[in-house]
Amino acid sequence: MVIGLTQHSLSEESKDISRINVIGEEFQQPTKYEPQQIKIVGHVADYSRGEKVNIVMIKPNGMEEEINTFASKRGNFQTLIQITEDSQIGIHELILKYQNEEKAFTLFEILEN
């Protein structure tokens with residue numbers, strides 16, 4: 001039996017769901033002179049053009065870092081974060097917040113080099 005999954009077409013319903021994703025799930029901790037960029041993409045349902053989108057990154061030690069960006073008029077966004085040799089090893093959580101409300105979350109992991 002062969003089972004295939006496709007994500008090339010979104011139904012109208014799923015366009016109204018906020019989401020956040022990281023391109024990749026696991027990343028090797030970079031060496032000293034080769035930092036790495038991680039792409040974060042997503043969608044904010046019912047986005048009002050010009051309003052700030054907040055992404056809260058919770059590091060493995062519990063510290064939080066806030067990333068601010070804007071979405072397109074359709075609510076789509078993308079931003080980059082940089083990891084370096086000083087980035088914490090372990091699972092990082094990204095929380096999408098819009099209008100002070102948590103909308104979605106995802107995880108990614110930095111592995112020891």
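A residue counts as buried when its relative accessible area is under 20%. The model used throughout is predicted.

**Exercise 1.** Decide whether Phe108 is buried or exposed, and do likewise for Phe27.

Solution. The relative accessibility of Phe108 is 2%, and because the cut-off is under 20%, Phe108 counts as buried. Phe27 has a relative accessible area of 7%, so Phe27 is buried by that cut-off.

**Exercise 2.** Find the aromatic pairs of the structure and classify each by its geometry.

Solution. The structure holds two aromatic pairs. In one of them, Phe27 and Phe108 lie 5.9 Å apart, centre to centre, with 80° between the planes, and the pair is therefore edge-to-face, since this class requires an angle over 60 degrees. This pair links distant parts of the chain, with Phe27 in strand S2 (residues 26-28) and Phe108 in strand S8 (residues 101-111), 81 residues apart.

Tyr47 and Tyr98 form a tilted pair, with 5.6 Å centre to centre and 40° between the planes. Here Tyr47 belongs to the loop between S3 and strand S4 (52-58), whereas Tyr98 belongs to strand S7 (residues 90-98), 51 residues apart. Tyr47, at 10% relative accessibility, counts as buried, and Tyr98 counts as buried at 1%.

**Exercise 3.** Describe how strand S3 pairs with S1 and with S6.

Solution. Strand S3 (residues 36-43) pairs with strand S1 (residues 19-22) in the antiparallel sense over four bridges, and Arg19 stands opposite His43 in S3. S3 also runs antiparallel to strand S6 (residues 76-83), to which eight bridges join it; there, Val41 stands opposite Gln78 in S6.

Conventions. Residues numbered from 1 in each chain as written. Predicted model: local features only at pLDDT ≥ 70, side-chain atom pairs only at ≥ 80, totals over all residues. Heavy atoms only, no water. Pairing = 2+ DSSP bridges. Helix = DSSP H or I, 4+ residues; strand = E, 2+ residues; numbered from the N terminus. Phe/Tyr/Trp six-rings, centres within 6.5 Å; stacked < 30°, edge-to-face > 60°. Buried < 20%, exposed > 50% of the residue type's maximum accessible area, 1.4 Å probe, protein only.
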